[in-house]
Every structure is written in structure tokens, then in C-alpha cells.
Amino acid sequence: MCADCLDLQGARQVPPLTRSFEAVRRSCASTLAVAAAVGLLWGSGCRPKADQAQCDLLVDRYSRLVVAEKYPDATDALFTAERERERAEARADDAFKNCTSEVSRAEFDCAMRAQSANALEKCLE
């Protein structure tokens with residue numbers, strides 16, 4: 001091809017593709033970073049948490065389920081005594097101590113519908 005054959009007068013300048021690609025890549029990366037940050041904020045700190053009354057109900061439900069599973073034929077006196085013991089033990093557990101700051105309303109609802117102590121624990125994981 002001869003140099004005289006190409007008439008480049010009036011042709012517009014086109015930026016190199018590497019610069020455009022790099023700008024697009026940076027723009028996408030920053031958009032993804034912002035989306036990830038928003039997702040983390042929405043997914044963690046913005047969900048309503050269980051209040052103290054709900055946490056007390058949760059401990060009570062858990063203690064009832066544990067005792068009912070351990071002692072299905074217990075007398076009322078044994079059931080009450082064991083439930084109080086389980087309730088005290090549950091309140092000392094970190095999962096229940098931090099209930100108001102860690103248990104979401106959705107987890108609370110799940111736990112209150114649970115039909116076994118194991119199912120209730122899975123709701124809180």
C-alpha cells in the first residue's frame with residue numbers, strides 16, 4: 001500500500017482502546033465496590049433486631065422444647081424445675097446473651113415456629 005494512497009486529512013482522532021478499556025474497567029470496579037458496600041449495610045446492620053421481650057420469649061420457648069424432648073413423660077413439678085434450670089443455662093449462653101444485638105426479627109420468627117430445640121438453634125445460626 002502506498003503512503004500517497006491514504007488521505008488522512010480531516011480524519012478525527014480516536015483515542016487508543018487501552019485507555020478506554022482501562023477507564024471502563026475502573027468505572028465497573030468502583031460501581032461494584034459501591035454495590036458491595038450497600039449490600040453489606042443492607043444485609044447486616046439495617047435489619048430490625050429482636051427486642052428484650054422477644055428474647056425472653058425465645059429463651060422460654062427453647063427451655064420448653066429442650067425439657068419436653070428430654071423428659072416426655074415428666075410430671076408438672078419435674079417439668080417446671082427442669083425448665084427453670086434450662087432457662088438459666090440458656091441465659092448464660094452467648095447466643096442468648098447477645099440476642100437483642102444479633103437475632104433478627106426473621107430469625108426470631110423462625111425460632112418461634114420451630115418444633116424442636118435443634119430446629120430453633122438452626123434458626124439462630
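Reader: Why is Lys70 called partly exposed?

Author: Its relative accessibility is 48%. Buried means under 20% relative accessible area, exposed over 50%, and partly exposed is what falls in between (1.4 Å probe, protein chains only). So 48% puts Lys70 in the middle class. Bear in mind that this is a predicted model, where local features need pLDDT of at least 70 and side-chain atom pairs count only at pLDDT 80 or more, while totals for chains, interfaces and linings use all residues. Residues are numbered from 1 along each chain as its sequence is written, and side-chain values use heavy atoms, with hydrogens and water left out.

Reader: What makes Lys70 and Glu86 a salt bridge?

Author: The test is a side-chain nitrogen of Lys or Arg within 4 Å of a carboxyl oxygen of Asp or Glu. Lys70 and Glu86 come in at 3.1 Å, N to O, so they pass. Glu86 sits in helix H3 and Lys70 in helix H2, so the pair ties together parts 16 residues apart in sequence.

Reader: What makes Asp51 a cap for H2?

Author: A side-chain oxygen of Asp51 lies 3.2 Å from the backbone nitrogen of Ala53, at the N-terminal end of H2. A polar contact takes N or O atoms within 3.5 Å; within protein, one must be able to donate a hydrogen and the other to accept it, and sequence neighbours count only if both atoms are side-chain atoms. The 3.2 Å pair falls inside that limit.

Reader: Why is the link of Cys55 and Cys99 called a disulfide?

Author: The rule asks for cysteine sulfur atoms within 2.5 Å, and this pair has S to S at 1.9 Å. Cys55 lies in helix H2 and Cys99 in helix H5, so the link ties together parts 44 residues apart in sequence. Both Cys55 and Cys99 are buried. By this rule the count comes to two disulfides.

Reader: What makes the disulfide of Cys110 and Cys123 left-handed?

Author: Its S-S torsion is about -55 degrees, so the disulfide is left-handed. The partners are 13 residues apart, Cys110 in helix H6 and Cys123 in helix H7. Cys110 counts as partly exposed at 27% relative accessibility, while Cys123, at 12%, counts as buried.

Reader: Which other salt bridge does Arg87 form?

Author: Arg87 pairs with Glu84, the closest N and O atoms being 3.0 Å apart. The two are three residues apart in helix H3, about one helical turn. Glu84 is partly exposed at 38%. Shared partners join Asp60, Arg64, Arg83, Glu84 and Arg87 into one network.

Definitions and conventions
Helices (H or I, at least four residues) and strands (E, at least two) are DSSP runs, numbered from the N terminus.
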